[in-house]
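Please report on the fold and packing of the model below. Cover the annotated domain, the sheet, the helices and the nonpolar core.

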Amino acid sequence: AKPSFGELCYVFFSVFVVDLREVVFVIQSQRNSFHVQQAEKLRKDLLLQAQALQESPPVILLLHTLTDNEGDWSILPLLPYLSSQFGKNSSWIMFLEEDTRVKLHKLHEVLKKFNCRQEWFLGKPLHDEESTIIHHYAFSENPAAFEYPDFSAGWALSISLVNRLERQEPLKSDFTIDLKHEVALYIWEDGKGPRLTGVPELCTLPEHKPRAQYCATTVSSHSPVCGQPVKSDNIFVAVKTCKKFHSDRVPVVKKTWAKQASLLEYYSDYADPTIPTINLGVPNTERGHCGKTFAILRRYLSSHVPKTDWLLIVDDDTLISLPRLQALLSCYDSSEPVCLGERYGYGLGQGGYSYITGGGGMVFSREAVVQLLASGCKCYTNDAPDDMVLGMCLNALRVPVTHSPLFHQARPEDYAKEFLAHQTPISFHKHWNIDPIAVFNKWLLNDKHTEALQKSTKEEL
């Protein structure tokens, strides 16, 4: 006789039988309306598949709806909730990104291979080839030795592991920078906990590839496109620079992506008419650039610049593809307060806040800038970190910080090759030890993929 719901993960001829009702899916959703839509689509698809398999539906949670804690996206603060709600009557917690595609019957088969009463951490492994700043130079002796999951392929924790982690000390670092690596470090706990177990059926291949037939998960597409790309004259671009970089960094911007912009201004501590740069009256600071960034926000809403729906603020050593950004922005509603880029976190285990890290580029809708300045939010010093101060302000306003993995705070070599292989990146940052023009040409130049994006958009319309 079949065991009752609760006698979990029983063995039948060396296969661990898991009822689909015992799998809890957590979609790593976000509060922005476009992302809510994407998550709802995935939820609906999973329920339809369960119905077609004549299975009782699994539990499907949208991460952004679970609690009021801003830090939930960093997963670790959510573990006590998952353990208390599902620790007794579930076998697996399966995490999915919004654009992960799932073949439910195949995933069900995969989970049956593992005993959920043991501690399992399953995913598609990534590793670093060189020690990298985004991982605090961890495992510098042998970076490839430590594996962490590519979230795009989905990843799973057995319930017994979740129940133990819920009692584990929180992470020591205040910063959340690369979540997938930090989650793996936390679970491994210096060798006391399990390492990631690689599962070949968890894939990041596009779903139409022939090899994807063996996969339980795939990715939907390289980059979201939701309509006609936003016109370049509807994005105002602000480049932060200073006198000492006028001769080496600004020429790189001009030789690479500046020609893709219709409206662009350089802001500096020194007005140089040959570039030209604008002195906003804020002295240059060695560390954060809060004073300069808030002066840019005020100028953006003034009559000094043309009125646009979107503002992009970048550093003078940011490399970016504006056509790819224009395509991505077709998915967002500029009448909403939108703040978009690569999301980091500070103090998320203790309340904290999220912020868009500045080097990869910070994108704001006009409405977001209006709300930020109307709130009276300001810098505590001119050299405060602008991106973090903005994060605090947005958190106080309850305006969501929206993450896109296509923006990058570091250089291509700072990321796992397999992670970048299924992306069409929008930005990278820093010129350190690289030829920035060569990096732009290789990774960001308007290429066949961008043309294909625009072509597919036209066909859809």
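## Domain, sheet and core

An unreviewed UniProt entry places the feature "domain: Fringe-like glycosyltransferase" at residues 88–166 and 229–434. UniProt positions follow the numbering used here, feature names are shortened, and annotations may be inferred rather than shown by experiment. This is a predicted model: local features need pLDDT of at least 70, side-chain atom pairs count only at pLDDT 80 or more, and totals for chains, interfaces and linings use all residues. Residues are numbered from 1 along each chain as its sequence is written, and side-chain values use heavy atoms, with hydrogens and water left out.

The two spans compare as follows. Helices (H or I, at least four residues) and strands (E, at least two) are DSSP runs, numbered from the N terminus.

An open sheet has 7 strands in the order β17-β16-β15-β18-β23-β20-β24. Its pairing is mixed. Two strands pair if DSSP finds at least two bridges between them. The edge strands, β17 (277–279) and β24 (401–403), each pair on one side only. Twist averages 25° from one strand to the next.

Inside the sheet, β18 (residues 310–315) and β23 (residues 362–365) run antiparallel, joined by 4 bridges. L312 stands opposite V363 in β23.

Helix α9 (residues 366–374) lies across β18, β20 (339–341) and β23. It runs at about 85° to β23. Axes are lines fitted to C-alpha atoms, for helices over the stretch in contact, and angles run from 0 to 180 degrees between N-to-C directions.

Helix α7 (residues 290–300) packs on α9 at about 115°, with the axes 10 Å apart. F294, L297, R298 and Y300 of α7 meet R366, V369, L372 and L373 of α9. Contact means heavy atoms within 4.5 Å. Helix α7 is mostly covered, with 10 of its 11 residues buried (under 20% relative accessible area; exposed is over 50%, partly exposed in between; 1.4 Å probe, protein chains only). Among the buried ones are F294, L297 and Y300.

The largest nonpolar core holds 79 residues. Such a core is a set of buried Ala, Val, Leu, Ile, Met, Phe, Trp, Tyr and Cys residues joined through side-chain atoms within 4.5 Å. L82, I93, L157, W257, L312, L329 and Y332 touch the most other members. Helix α5 (residues 179–188) gives the largest share, 6 residues. Not counting residues up to four places away in sequence, L82 touches V26, L61, G87, I93, F95 and V162.
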